Amino acid sequence: MKFLCQILAALLLWFFIACNNRSVTSQSKADSESRGVVVQPEQTDEDMAPPPAPKAVTLSKITPPRIVKDEEVKEEETPAQFNTEDYDHIVENRFLAATQNPLSTFSIDVDEAAYSNVRRYINNGSIPPAGAVRIEEMINYFDYTYPQPQNDEPFTVNTELSECPWSPEHRLVHIGLQGKEIPVQNLPNANIVFLIDVSGSMDEANKLPLVRSSMKLLTDQLRPDDKVAIVVYAGNAGLVLPATSGSNKTAIKEAIDQLEAGGSTAGGEGIQLAYKVARENFIKGGNNRIILATDGDFNVGASSDDELVSMIEKERQSGIFLSVLGYGMGNYKDNKMQQLADKGNGNHSYIDNISEARKVLVTEFGSTLFTIAKDVKIQIEFNPAKVQAYRLIGYENRVMAAEDFNDDKKDAGELGSRHTVTALYEVIPAGVKNDFIGKVDELKYQPAKSMTAIAGGDELMTIKLRYKKPDGDVSKLIVHPVTDSHLALANTSDNFRFSAAVASFGMLLRNSEFKQNASYQQVVQLAKGAKGSDTNGYRQEFINLVQAAGSLTVKK
């Protein structure tokens with residue numbers, strides 16, 4: 001009888017535990033469903049097996065149901081999207097006292113990538129990061145009507161001086177270079193290697209498909225005596241098309257159409273192979289150039305900036321130039337492509353749509369691909385009797401040491417056929433009160449410099465330029481003095497006022513400490529009055545962009 005009672009007690013205990021377990025599970029499921037989460041409890045051996053023989057049961061064998069948190073489901077359903085775009089930090093040029101720093105030296109820059117990239121940001125509804133706003137590239141995106149050279153010089157030097165729109169008590173100096181226009185039929189024969197990134201990161205509509213369309217536009221510009229080869233790289237590099245005559249456009253386009261994206265990015269290996277192919281087909285006295293199309297996201301082999309730059313610096317000695325076309329968003333490596341183009345004696349453009357591809361590769365075909373002067377440097381000497389202080393607007397990554405101007409071993413920028421290059425200086429006239437220049441104690445071991453100019457009269461400054469022929473090693477000097485003409489802003493050229501508008505816009509985007517009284521409304525008014533003929537509509541597009549940026553700023 002005692003034994004029978006023990007069995008009944010064990011059965012009752014087992015029944016109580018089983019019911020309690022189902023109750024907990026049901027409650028957990030109800031709680032989870034109330035939060036939109038359905039949970040299946042883990043099943044134990046006891047759940048699956050028939051009732052055991054009556055014996056002692058321990059609670060430790062019962063596995064509680066796992067409750068899934070809302071955060072876990074959210075992470076699984078919406079994986080995080082990362083923006084890994086890279087831009088170098090820019091430290092803006094400051095005002096320098098003419099007595100302490102009479103010389104300002106820099107390399108020209110014909111890159112245009114910053115403007116189209118800024119446009120992409122604004123059109124997508126956001127203000128670009130400060131590192132993406134390189135003001136000199138924004139200014140040089142636009143053409144200016146300077147006179148063509150009338151002698152053997154490859155370019156003309158043009159200057160204009162007036163009041164500064166965003167600080168009327170200051171002066172603004174406009175310097176413009178105009179490259180000689182060489183008719184396409186007279187340009188030297190071209191040996192071009194398309195170096196195309198076909199890695200997995202290029203598998204987006206605004207990357208490889210746009211690259212294919214861009215390369216076909218360029219193919220249509222080729223002449224019969226030009227030749228093109230195609231090198232691609234992903235996990236490895238390979239030759240897709242050997243050097244082919246520009247007359248065989250069908251074969252070139254068919255090779256382009258077959259390109260597909262996939263794999264990692266061995267950019268360094270691709271660059272090496274492209275230079276090898278270019279050397280094998282080198283045209284003496286011709287235009288030997290590699291055109292790299294990529295988002296810049298190298299991750300296999302030689303991929304660090306130092307490795308790639310060292311490789312490019314070595315290869316450029318062969319007389320082969322490297323131009324870079326940037327594509328895409330989200331992982332765009334602007335800083336890496338800037339360095340490659342600068343060290344490769346080429347230019348850098350950002351292609352955000354087919355219209356930009358047409359501008360760079362069709363409209364500006366000669367200036368993009370055919371160099372008429374290389375290692376072009378500018379050095380300004382300011383007259384301290386006229387100039388208290390000055391500031392170079394933009395060109396932060398192009399500033400050079402004063403002694404580099406006369407050193408022909410120092411690399412500088414290239415100027416293409418029909419290219420224009422524009423630079424602006426904001427000048428604080430002598431005697432004008434300002435908060436930009438601090439006081440410096442007089443030197444103990446050197447006599448104080450005289451504030452009176454030894455010579456110069458009405459000269460505000462003297463511009464000196466050095467350049468080399470595309471295949472030369474010795475530079476030639478040009479000297480151009482500038483006098484203060486006291487021209488009113490309303491009487492300046494469209495070139496002056498439009499370039500000032502672009503510079504002011506760049507300072508607003510960067511929230512520059514030197515923007516002073518600049519405003520989006522002032523930029524629009526200045527640009528509208530300086531549109532000129534605007535054949536391609538680029539200046540009107542700029543005005544629309546400024547208005548859109550102003551609206552975005554108001555929303556913030």
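Where does P224 lie?

**View 1. The loop that holds P224.** This is a predicted model. P224 sits in the loop between α6 (208-219) and β6 (227-233). P224 is exposed, because its relative accessible area of 56% is over the 50% cut-off. Set aside the neighbours within four places in sequence, and P224 is in contact with S245, G246 and S247. T244 is 20 residues apart from P224 along the chain. The C-alpha atoms of P224 and T244 are separated by 9.7 Å.

**View 2. E426, a buried residue in strand β14.** Strand β14 covers residues 420-429, and E426 is part of it. E426 is buried, yet it has no salt bridge. The nearest side chain of opposite charge belongs to R391, 4.4 Å away. That distance is not within 4 Å, so the pair does not count as a salt bridge.

**View 3. The partners of the E426 side chain.** Two side chains make polar contacts with the side chain of E426. For W166 the distance is 3.1 Å. For Q516 it is 2.9 Å. Beyond its neighbours within four places in sequence, E426 is in contact with several other residues, including F95, C164, H170, L172, Y390 and I393.

**View 4. The second largest pocket.** The volume of this pocket is about 730 Å³. Its lining is made of 32 residues. Nearest its centre lie G319, F321, K374, P470 and D471. Which strand gives the most to the lining of the second largest pocket? The answer is β11, with 4 residues. Both β8 (287-294) and β11 (371-382) supply at least two residues of the lining.

Definitions and conventions: Residues numbered from 1 in each chain as written. Predicted model: local features only at pLDDT ≥ 70, side-chain atom pairs only at ≥ 80, totals over all residues. Heavy atoms only, no water. Buried < 20%, exposed > 50% of the residue type's maximum accessible area, 1.4 Å probe, protein only. Lys, Arg positive; Asp, Glu negative; His and termini not counted. Polar contact = N/O pair within 3.5 Å; in protein donor to acceptor, adjacent residues only side chain to side chain. Contact = heavy atoms within 4.5 Å. 1 Å grid on protein atoms, 1.4 Å probe; cavity = no way out; pocket = protein on both sides within 12 Å on 5 of 7 lines; lining within 4 Å. Points joined across faces, edges and corners; volume = space filled by probe spheres on them.
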